[in-house]
Amino acid sequence: MSYYQVKNLEQYFKHYNKSIREPRKFWDKIADENFTWYQKWDKVVEFDMQEAEVKWFLNAKVNITKNCIDRHLAKRGEKTAIIFEPNDPKEEAQHITYNELYDRVAKMANVLRDQGIKKGDRVCIYLPMIPELAVSVLACARIGAIHSVVFAGFSASAVTARINDSDCKMVITSDGGFRGSKSIDLKVIIDEALEKSPSVEKVLVVKRTNASVNIKEGRDIWLQPLLDAAVPNNVAEIMDAEDPLFILYTSGSTGKPKGMLHTTAGYMVFSAYTFKNIFNYEENDVFWCTADIGWITGHSYILYGPLLNGATTVIFEGIPSYPDFGRFWEVIDKHKVTQFYTAPTAIRSLAKENTDWVENHDLSTLKVIGSVGEPINEEAWHWYNNHVGKKRCPVVDTWWQTETGGIMISPLPFVTPTKPTYATFPLPGVQAVLMDERRNEIEDNQVVGSLCIKFPWPGMARTIWGDHQRFKETYFTAFPGKYFTGDGALRDEVGYYRITGRVDDVVIVSGHNLGTAPIEDAINEHPAVAESAIVGFPHDIKGNALYGFIILKESGESRDRANLANEINQHVSSHIGPIAKLDKIQFVTGLPKTRSGKIMRRILRKIAEGDYSNFGDTSTLLNPEIVEEIKQGKL
Ligand code: WT7
C-alpha cells in the first residue's frame with residue numbers, strides 16, 4: 001500500500017493545496033496505486049453539482065471484496081481479519097483469518113446466488129454484531145447485490161419502512177441477539193415487519209440465541225445447513241465503478257428516512273484512504289471501532305476501511321457497561337488494541353464512573369483514539385485524552401456523515417496539533433468551505449457559517465434511493481453548486497473547524513441522527529394526540545435529549561398525564577425504536593406558528609433549554625401569546 005502519508009504540518013499544507021489545485025490527479029494516483037482493478041477508468045470524475053450528478057472512476061471495473069479479501073490471501077492468509085468479542089466475556093473470542101473469511105464469504109455468496117439473489121437485488125440485513133453480519137455484507141458485495149443493513153435496534157415498523165422503500169427481496173436475520181444482560185428476539189420483529197413487506201421472498205435465519213422461532217414454510221430458512229452444503233469458492237461479480245454497493249438509511253428533517261446510496265469504486269477508494277491516514281494504520285495494528293455495523297461508521301471503519309487495508313478489526317457484540325464499566329478497557333487490554341474509535345456519548349457515560357475502571361487495565365498498546373457522531377464537549381475530550389490516551393495518543397475528533405461515506409474533517413495523528421472540541425482541518429482532497437447567509441463563501445478565519453463542500457469527493461453518496469429530486473433539494477439547493485452538510489461550523493484563527501451542530505430539524509441523540517419529523521409522525525398517530533413538536537435540548541450524557549410539546553385532542557384532555565406520557569413514549573419506541581424516547585413531555589394548548597403555519601422551533605428549543613432571555617423576533621407569529629403560556633407551563 002502506498003497511500004502517501006503526510007509526516008508534518010508543512011507536508012499537510014503542501015498536499016492539501018495540491019489536492020485542491022489538481023483533484024483529479026490527486027485521486028487518480030490514490031486509486032491507481034492501492035487497489036486491484038479488472039479494468040481502470042477512462043476519466044477520474046464527471047460531475048454537475050447543480051443537478052447533484054456525480055460519477056467517479058468512469059468505466060472502471062472492480063469488486064470491492066477482491067480488494068478486501070482475495071488480494072490479501074497470498075501474504076496475509078493466516079493473519080486475523082476479524083476478532084469477534086462476544087457480549088458475554090465468558091464466551092470465547094473468535095479470530096477469523098483472511099483465509100477463513102474468504103471461505104465464509106464465498107460460501108455465503110454461493111448461498112445467496114442459490115437462493116435467487118442477483119446483481120442489483122436489494123438484501124436487508126437485520127443482524128446483531130456477530131461475524132455473520134460482516135460475512136453477509138461482504139457476500140452481497142461479492143455478487144453485486146445491494147446491501148441495506150438496518151440497525152437491529154429498530155422496531156418492526158421502522159424495518160418495514162426501510163424494506164419497502166427499496167423493495168428488498170431478501171432479509172438476513174437471526175433468532176435473536178444479546179445486548180448486555182438482555183436478549184432481543186429479532187426474528188419476532190422481522191415476522192411482524194414482513195406482514196407489510198410484500199417484496200420479501202426469502203428470509204435467512206442465523207442461530208445465535210437459541211430462542212424459539214417461527215419458521216414460515218417456503219419463506220424462512222435456517223442459514224447454517226445451507227452454508228454447510230456450500231462450496232468455499234466463488235467468482236466475484238465484475239462491478240462497474242458506479243454500480244450501487246449499498247443503501248443505508250438516515251433520518252431526515254422531513255418525511256420518511258432517506259436511503260443514501262453509495263456506489264462501488266469511489267466508496268472503496270475513500271474509505272480505504274481515510275482509514276489509513278486518520279488512524280495512522282500500520283501492519284499488525286489491531287483496530288477497534290465500537291459503532292454498530294448498522295450505522296455508516298461501522299460500514300466504513302469496522303468493515304470496509306480496515307479490510308481494504310488488510311487490517312485486523314474487532315467486532316464487539318456487547319455494550320460498554322456489561323458486565324461492568326470496565327468492559328471497553330478490558331477488551332483493549334485483552335486484544336491489544338492499537339486504535340480505538342468511539343462516540344462522545346459512550347465517553348461521557350463512562351467518564352461519570354470511577355476512574356479505577358480504566359486505570360485497572362493496561363492500555364499501553366493504544367496509539368490513536370478517535371471520536372465520532374456529535375460534537376465532543378471539552379470535559380469529555382479531556383477525560384478521554386487523560387484517562388484513555390494517557391496524553392500520549394492523539395485524539396482524532398472526526399467529523400463526517402452517512403452521506404459523506406468517510407471522514408472529512410479530522411486531525412491527522414502526530415501531524416495536526418489537537419485542540420479540544422475542534423475537528424481541525426479537512427483531509428487532503430476535501431474542499432470544505434463556510435458560507436454566509438447571503439450564500440457567499442467566507443474567506444476569513446474566526447467566523448461561523450454553514451459548512452459546505454465545494455468539490456465532489458469519491459466517497460459521497462450519489463443519490464437517495466428512488467428520489468433523486470429529494471437528494472438534490474436536501475443537499476444541493478441551499479448553496480447552489482455546493483454540497484450542504486446541514487451543519488453549522490466555526491473556523492478559528494488558524495483555520496481549524498469546530499462543528500457547532502445541525503442547522504435543520506435533525507437532533508443528534510447519543511450519536512444517533514434522529515429526524516424530528518418521523519418522531520412527530522409517530523406521536524401524532526396516538527389517538528389522544530392532535531399535534532406535536534419535538535426539539536432537542538442539552539443532556540449531560542446523550543449530548544442532546546428529546547423534548548416533546550404535545551397538543552391533546554379533546555378526547556385526550558381527561559386522561560391522566562403521566563400515563564399518557566408513558567403511552568406516547570411506548571408508541572414512539574414501537575414505531576421507531578427505543579433510541580427515540582422522549583426525555584421530557586409537556587402538554588400544551590398550542591404551538592408557536594408563523595403565518596404560513598410553520599412551527600417556530602427556535603422558540604421551543606429555547607424553552608426546552610430553559611433559556612427565556614431572548615426569543616428573537618416573534619412578530620411573524622400568528623399566536624404570540626402561546627409563547628408565554630408554554631413558558632409558564634414549563635416553570
Ligand atoms: C451528523 C451526521 C458519520 C458519523 C456518524 C454519524 C454530527 C458527526 C461529528 C463530530 C461534531 C459530528 C454532524 C453530522 N457529527 N461527527 N466529530 N463533531 N458533529 O453519522 O448519523 O449521518 O450524522 O453527525 O451533525 O452532520 P450521521
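Here is a short chat about the fold of this chain and one of its helix pairs.

Tutor: Quick caveat: this is a predicted model, where local features need pLDDT of at least 70, side-chain atom pairs count only at pLDDT 80 or more, and totals for chains, interfaces and linings use all residues. Residues are numbered from 1 along each chain as its sequence is written.

Student: What radius of gyration does the chain have?

Tutor: The radius is taken over C-alpha atoms, and the globule rule is 2.2 Å times the number of residues to the power 0.38. For 635 residues that rule puts a compact globule near 26 Å, which agrees with the chain's 24 Å.

Student: What share of the residues counts as buried?

Tutor: Buried needs 20 or more other C-beta atoms (placed from the backbone) within 10 Å of the residue's own. Of the 635 residues, the share is 51%.

Student: How are helix 17 and helix 18 oriented to each other?

Tutor: Axes are lines fitted to C-alpha atoms over the stretch in contact, with angles from 0 to 180 degrees between N-to-C directions. Helix 17 (residues 516-524) and helix 18 (residues 561-575) have axes that come within 9 Å and cross at roughly 125°. Under 35 degrees is roughly parallel, over 145 roughly antiparallel, 65 to 115 roughly perpendicular, and the rest oblique. The two helices are therefore oblique.

Student: Which residues of helix 18 does helix 17 meet?

Tutor: Contact means C-beta atoms, placed from the backbone, within 7 Å. From helix 17, Ile519, Ala522 and Ile523 take part, and their partners in helix 18 are Ile568, His571, Val572 and His575.

Notes. Helices (H or I, at least four residues) and strands (E, at least two) are DSSP runs, numbered from the N terminus. Two residues are in contact if their C-beta atoms, placed from the backbone, lie within 7 Å. A residue is buried if 20 or more other C-beta atoms lie within 10 Å of its own, exposed if 12 or fewer, and partly exposed in between; C-beta atoms are placed from the backbone.
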